[in-house]
Amino acid sequence: MRLRAAYKKDDKGGSGNGPLTELLELRHDVTVTQTLRSTVAATLAYIVALWLSSEPAPLTAPLTALLVVQVTLYSTLTTSVRRVNAVVAGVLIAIGFSVLVGLSWWSLGLIILASLLAGRLVRVNEFVPEVAISAMLVLGVTHAADTAWDRVLETLIGAVVGLLFNVLFVPPVWVAAAGESIEDLARQMRRLMRDVGEELTTPTPVERAAARLREARRLDHGIAEVDAALRQAEDSLRLNPRVKEGLLHRVVLRTGLDTLEICAVVLRVLTRTITDLAKERQEEDLFSPEVGSALEELLSQVADALVSFAVLVTTQTSEAAEAAESRLAGDLSAAGATRERAAQLLLEGVQRHPRQWQLHGALLSEIDRLLDELDTDHRSRRLMEELDRSTREQRERHPQLTAFTQWLRGVKRPALKRPTLKRPTLKRRGKPGERRGQRRGDRPGDKRRG
């Protein structure tokens, strides 16, 4: 479908991206990349297992490699360890049952129960059923011991091949994909804010205002999708030799998503305020034309600031970051000036007609919260606090790993000075009421003794 759209674009104007460009962009797709990497790794694991294992068809090795090779290097390492633990635990349980009771209907039930409990104890997480599967497969053959060790060998082959494949061919860093999802969320919020602003100068039915409220509530689904993409990006930064400032990237993106999530909550409250106002004014405009125009302009400027903030968060070059920060500062400055004008108009309108004055104040307060969350100074303070907290937690959790990482990067630890024990000096106490520096010989008029 994407290639067909590219052909249509080339046929119409000739200025769009062609099929070759679309094919090159497919290598940045998570699904395509994971499919190709898993296929190659499983095939290599099967070839190695044919060479090392005595089984005629060692399919456990490619199966393990297929499950081990994940989108990121960190998830590959953790998955391989858990899967090997699951298979070894199942094999040991099967060997014990084959020696003691053999295979029967009641022993099968016992081995499944014991395998599932053992999987919980060894903490293999999603591979708990794998413990029972390995135990049943080994118990159902004639030569249980030989089959058991062959299965362990094939599992190790698949895990090692999958891990080495991801070490030699490092998975891509998915920071760009997470950044695109953050920008898409910000653009979705901008469209909603502009739609809300356009309806402030006309009679707005309650149904339409309630529809905007439902759209604001559906932003939670978009936030969940962005959170999943961000978790994948965070995993791709861990243990990745191509990334030097992984912690900084993780904290910048995570705090940026937190800010957008807060803005989404405020936007939901704002649409609820407008819905309540529409219930009270069903046969008239929500605001006067002058106030409605000022609020529409204000919401449009805040919406632009949201997108500028998302671009600033996801920008990876210093020049583009400076341009995005300057654009965000300009949007916030324009929104601040419009906010003052809108506040004055709202005050004058409430003084003339004080109906639903509390909703007017609530609307202005919610816009103030949006501007405060997008403020660059607030963003800088929050970023520094999260960096300090994450760095401190990482040092406390893995002190040796932190020292090893600093040694690899050539960061020298500060030299600790050996404390010197100095002999304390005895000071003569002055007379009562005598101030420091006014001892004998230091006071004016005193003569120093030779």
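**Salt bridges, a buried serine and a nonpolar surface patch**

Arg231 and Asp227 are four residues apart in helix H11 (residues 219–237), so about one helical turn separates them. Helices here are DSSP runs of H or I with at least four residues, numbered from the N terminus. The side chains of Arg231 and Asp227 meet in a salt bridge, 2.9 Å from N to O. A salt bridge is a side-chain nitrogen of Lys or Arg within 4 Å of a carboxyl oxygen of Asp or Glu. The model is predicted: local features need pLDDT of at least 70, side-chain atom pairs count only at pLDDT 80 or more, and totals for chains, interfaces and linings use all residues. Residues are numbered from 1 along each chain as its sequence is written, and side-chain values use heavy atoms, with hydrogens and water left out.

By this rule the count comes to 15 salt bridges. Another of them joins Arg341 to Glu297, with the closest N and O atoms 2.8 Å apart. Arg341 lies in helix H14 (residues 318–352) and Glu297 in helix H13 (residues 289–314), so the pair ties together parts that are 44 residues apart in sequence. Arg341 is partly exposed at 39% relative accessibility. Glu297 is also partly exposed, at 35%. Buried means under 20% relative accessible area, exposed over 50%, and partly exposed in between (1.4 Å probe, protein chains only).

Glu199 forms a salt bridge with Arg212, the closest N and O atoms being 2.8 Å apart. This pair links distant parts of the chain, 13 residues apart: Glu199 sits in the loop between helix H9 (175–198) and helix H10 (206–217), and Arg212 in helix H10. Glu199 is buried, with a relative accessible area of 10%. Arg212 counts as buried at 18%.

Ser80 lies in helix H5. Its relative accessible area is 6%, so Ser80 is buried. Ser80 touches Val68 and Ala159, not counting residues up to four places away in sequence. Contact means heavy atoms within 4.5 Å. The C-alpha atoms of Ser80 and Gly162 are separated by 8.0 Å, although the two residues are 82 apart along the chain.

A nonpolar patch lies on the surface, formed by Val99, Leu100, Val101, Trp105, Trp106 and Leu110. Together they have about 730 Å² of accessible area, from the Shrake-Rupley method with a 1.4 Å probe, where only the protein chains shown count as cover for residues. Patches are made of residues with over 30% relative accessible area and no salt bridge; like charges are joined within 9 Å, nonpolar side chains (Val, Leu, Ile, Met, Phe, Trp, Tyr) within 5 Å. Helix H5 (73–100) and helix H6 (105–121) each supply at least two residues. The largest share, three residues, comes from H6. Trp105 lies in H6 and is exposed, at 75% relative accessible area.
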